Amino acid sequence: MSLSRPLRCLSLAALTLSASATDDDAWAKSQPVQEFEVDLDKSPEDRFTEVATHFNSSIWKLVAAFDHFPIRNVCREWTEKRGNETDELQREINGVAATTKVPTFFLNAVAMLYEVNTLMVPIHNITLPQLPIPMSGPACTGIIANNKDDNSVYHARNLDFSPAEYLQDLVYTGIFKKGGEELFRAQMVAGYSFPLTALKKGADGFSYEINTRFLDHEGGNGEMWKNMFDEKRPLNGWTARKAIETSANYEDFVKAMSTTPLVATVYNVISGVKKGTILARNPDDVAYQMTLGKENYQCRDDYIIITNFDFFYHDIREWFDPTGGKGIGHPRRIAAQKLLNASSSLTPEVLMSTISEMEVMAKDTIFQAIINVEKGIWQVGKPACTDCPKPPSAQAFLV
């Protein structure tokens, strides 16, 4: 199926009025995101004690929702097969386990969920049984855009993560500090040590977003399992976090996220001061790169965009994605591009309006962000989520 359907434009006047109104309305309906300091000078066991204590009941609601044999058994098997993580990460996990009393093997298994989520049954096998994976995501939408009104680059982000009814209550901003100073800030999920969205401020700082990229070739599933359980490579999220911590500038970060071996495929969405790129990564190389300001497939020169599919390679699975507001047959990316292409200037208001549009938001969009590295903007919120009913009460788990 061709992805080059015409992008029918809205009138500019109608969009301009709608954008500002929707932007205000979207932020007004969002819940604020709480902030917590994460002191990297503390021992790893103690870094997340405040976070784990604050979110303890919400963590247990998530744990209790998956208290049944297949999930418990898979968590144990994965943890035993992979063994401990790198010393620093394992000590952070052990500290959260000690604070919350959640079994360590469950938290170790949660740390692997991004990698496992890249497994996607091919279309011709779509009815086959799936692995009993308790979470899905981060799916998401990422846009890097140059706003011609102020000549600066903005990063717009939707994080889609299920089960949203539990995970949205675990979202927070971690202010990672070193020597008493902010090193970077990141959107986090309590109980999970890896940043899903991040900003490192500075004259040559950068922002970061991780998006699920599903496997793109036969044999990819086996490669992922080999990387995780045989080679025991550091998990993608840990690789990203260490690169954020240690990279001095945008170029160093892009290089690290382009070349460091990974466990699984991923999209790295990165913006800087008047620049930006999207890296479609395979575990050992870059499969495709989009660079802001250059010629990019089906994009104007003032923006680049990605959801979860290689649309530049005509990935048919994009059309079978059920997560958008209109479901299967209505890709979130195409809905977003209709709005972007109808605007002469991609202001933060237009970007917020775009990612808040019903066809662009997923049913499990638990977090949104508008980021500008040059201006130090970190505007974030937890949107009204379709899949966020009141969760059931927690119950005993894992004996």
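**Reading the model feature by feature**

Q: Where is Lys232 found?

A: Lys232 is found in the loop between α9 and α10 (236-246). Here helices (H or I, at least four residues) and strands (E, at least two) are DSSP runs, numbered from the N terminus. This is a predicted model, in which local features need pLDDT of at least 70 and side-chain atom pairs count only at pLDDT 80 or more, while totals for chains, interfaces and linings use all residues. Residues are numbered from 1 along each chain as its sequence is written, and side-chain values use heavy atoms, with hydrogens and water left out.

Q: Which peptide bond is cis?

A: The bond from Ser162 to Pro163 is cis, with omega near 5°. Pro163 belongs to the loop between β3 and α8.

Q: How is a salt bridge to be read, and how many are there?

A: Side chains of opposite charge can pair when their charged atoms come close. The rule applied here asks for a side-chain nitrogen of Lys or Arg within 4 Å of a carboxyl oxygen of Asp or Glu. By this rule the count is 29 salt bridges. One of them joins Glu37 and Lys177, at 2.9 Å from N to O. Glu37 sits in strand β1 (residues 35-39) and Lys177 in strand β4 (residues 171-178), so that this pair links distant parts of the chain, 140 residues apart. Glu37 is partly exposed, with a relative accessible area of 49%.

Q: What does the salt bridge between Asp302 and Lys148 tie together?

A: The side chains of Asp302 and Lys148 meet at 4.0 Å, N to O. Asp302 lies in the loop between β10 (286-291) and β11 (303-306), and Lys148 in the loop between β2 (141-147) and β3 (152-160), so the pair ties together parts that are 154 residues apart in sequence. Asp302 counts as buried, at 2% relative accessibility.

Q: Which residues are linked in a network of salt bridges?

A: The network is formed by Arg47, Glu88, Glu92, Arg241, Lys242 and Glu245.

Q: How is the packing of two helices described, and at what angle do α5 and α6 cross?

A: Two packed helices are described by the angle between their axes and the distance between the axes. Axes are lines fitted to C-alpha atoms, for helices over the stretch in contact, and angles run from 0 to 180 degrees between N-to-C directions. Helix α5 (residues 87-100) and helix α6 (residues 104-111) have axes that come within 9 Å and cross at roughly 130°. Angles under 35 degrees count as roughly parallel, over 145 as roughly antiparallel, 65 to 115 as roughly perpendicular and the rest as oblique; α5 and α6 are therefore oblique to each other. Contact, meaning heavy atoms within 4.5 Å, is made by Gln90, Ile93, Asn94, Val96 and Ala97 of α5 and by Thr104, Leu107, Asn108 and Ala111 of α6.

Q: How do α4 and α9 compare with this rule for angles?

A: The axes of α4 and helix α9 (residues 220-230) come within 8 Å and cross at roughly 65°. That makes α4 roughly perpendicular to α9. Trp78, Lys81 and Arg82 of α4 meet Trp225, Met228 and Phe229 of α9.

Q: Where is Cys75 found, and what is it in contact with?

A: Cys75 is in helix α4 (residues 69-82) and counts as buried, at 6% relative accessibility. Leaving aside its neighbours within four places in sequence, Cys75 is in contact with Phe105, Phe106 and Ala109. The C-alpha atoms of Cys75 and Leu107, 32 residues apart along the chain, are separated by 8.7 Å.

Q: Which residues of helix α3 are buried, and what covers them?

A: In helix α3 (residues 56-65) the buried residues are Ser58, Ile59, Trp60, Leu62, Val63 and Ala64. Their cover includes α2 (49-54), α5, α6 and α8 (164-167).

Note on methods: Buried < 20%, exposed > 50% of the residue type's maximum accessible area, 1.4 Å probe, protein only.
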